[in-house]
Amino acid sequence: MIEESIDFLFHSFLAPKYLVKLGLVQEIIGIKYRKKRQKDLWLEHQEKSKQEIIKTISKLTNKRKALIIGAGLLLDVPLKEFSDQFKEVILVDIFFLQESINEIKQYDNCRFEQVDISSTLKEAYYLWQNHGKNKELFDQKLKNLIYKKPIHFLLEEELDYVLSCNLLSQLSLAFEYFSKKKKMLETTTLKAFLESFETNHIEYLKAFPEETTVHLLTDTERIVVNKEGKELESNPTIDHTLLKDFREQDSWLWDLAYYGEIEKNSALKLKVQSSLLHPKLSHT
Ligand SMILES: C[S@@+](CC[C@H](N)C(=O)[O-])C[C@H]1O[C@@H](n2cnc3c(N)ncnc32)[C@H](O)[C@@H]1O
């Protein structure tokens, strides 16, 4: 606990203020320490993700440049294989912990970029800071942000592979928690803004050139099971209709939390899906 708090303080000092305020630094540190506690439980999912990525990139004809979005703690990213197989690798996350940066720096052909891939978080945060008291103005300006499309790396040359790596369902969470913490009015605009994170990310992936292989790894269902492992409840973690232009390659269950760890009388699993954007459908 003390180690986690010191780690948080250290990285909060390095991170832009809006990321700390939105709780994103705490979230990344939280994943790091949950992973330590859940070492065995999470390993299978991480290995499965890596194998799925390795299998996909091994089939590519061209391997000039790879872009990995949501690389985070590199838990499910086979960095060595990327470095061995591609001429250049760009790892993207909104914020990297120092140990991930050190790991990336071990590979000459890999570099990292700290980018908000939604492109709206900073503006939304300052909008609240500056206009939060004027509910109408805040609502009006937030509405404009729904239509702000991410464009990072779309003009990057020689991109043969783009991976969205287990982040789709996470994109809206920071602002959702922040909105609850600040007791923002639950207006239709706020709801639409939160939903736009997923929609805009999928549209963004579809905007890469047709020759680029676009690979999406994401959880799709949250499953609550009892002590005996029997399913009690299952809910979608993303809007499934967004995946209509993607072709499923494989899916598996990720044992997310032990019995009693997050919910008192149950354990949690996530269904994770690996899919490729159907090239012929990417620009329809
Ligand atoms: C569940 S983790 C994915 C795990 C990661 N692939 C790994 O191997 O450690 C989700 C990642 O998405 C990142 N993320 C969340 N919102 C983001 C945003 N707006 N732009 C870029 N990265 C974001 C988080 O920082 C986190 O590292």
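1. A polar contact here is a pair of N or O atoms within 3.5 Å, where within protein one must be able to donate a hydrogen and the other to accept it, and where residues adjacent in sequence count only if both atoms are side-chain atoms. The side chains of threonine 189 and aspartate 139 form such a contact at 2.9 Å. The model is a predicted one, in which local features need pLDDT of at least 70 and side-chain atom pairs count only at pLDDT 80 or more, while totals for chains, interfaces and linings use all residues. Residues are numbered from 1 along each chain as its sequence is written, and side-chain values use heavy atoms, with hydrogens and water left out.

2. Threonine 189 belongs to helix α10, residues 188–206 (helices, H or I of at least four residues, and strands, E of at least two, are DSSP runs numbered from the N terminus). With a relative accessible area of 4%, threonine 189 is buried (buried means under 20% relative accessible area, exposed over 50%, and partly exposed in between, with a 1.4 Å probe and protein chains only). Not counting residues up to four places away in sequence, threonine 189 touches Asp139, Leu142, Lys143 and Ile146 (contact means heavy atoms within 4.5 Å).

3. How are α8 and α10 packed, in angle and in distance between axes? Helix α8, residues 135–146, packs with α10 at an angle of about 15 degrees, the axes being 9 Å apart, and this makes α8 roughly parallel to α10. Axes are lines fitted to C-alpha atoms, for helices over the stretch in contact, with angles running from 0 to 180 degrees between N-to-C directions; angles under 35 degrees count as roughly parallel, over 145 as roughly antiparallel, 65 to 115 as roughly perpendicular and the rest as oblique. The contact is made by Asp139, Leu142, Lys143, Leu145 and Ile146 on the α8 side, and by Thr189, Leu190, Ala192, Phe193, Ser196 and Asn200 on the α10 side.

4. Helix α7, residues 121–131, also packs with α8: their axes come within 10 Å and cross at roughly 165 degrees, and the two helices are therefore roughly antiparallel to each other. From α7 the contact draws on Glu123, Ala124, Leu127, Trp128 and His131, and from α8 on Lys135, Leu137, Phe138, Lys141, Leu142 and Leu145.

5. Asparagine 166 sits in the loop between β4 (159–165) and α9 (173–181) and counts as buried at 15% relative accessibility. Its side chain makes a polar contact of 2.8 Å with the side chain of aspartate 76. Leaving aside neighbours within four places in sequence, asparagine 166 is in contact with His45, Ser49, Asp76, Leu217, Thr218, Asp219 and Val272. Asparagine 166 and leucine 216, which are 50 residues apart in sequence, lie 7.7 Å apart in space, C-alpha to C-alpha.

6. Isoleucine 117, in the loop between β3 (110–114) and α7, is buried with a relative accessible area of 6%. Its contacts beyond four places in sequence include Phe153, His201 and Tyr204.

7. Two residues deserve a look at their backbone. Phenylalanine 153, in the loop between α8 and β4, has a positive phi of about 70 degrees although it is not a glycine, and counts as buried at 10% relative accessibility. Lysine 183, in the loop between α9 and α10, is not a glycine either and has a positive phi of about 55 degrees, but counts as exposed at 71% relative accessibility.
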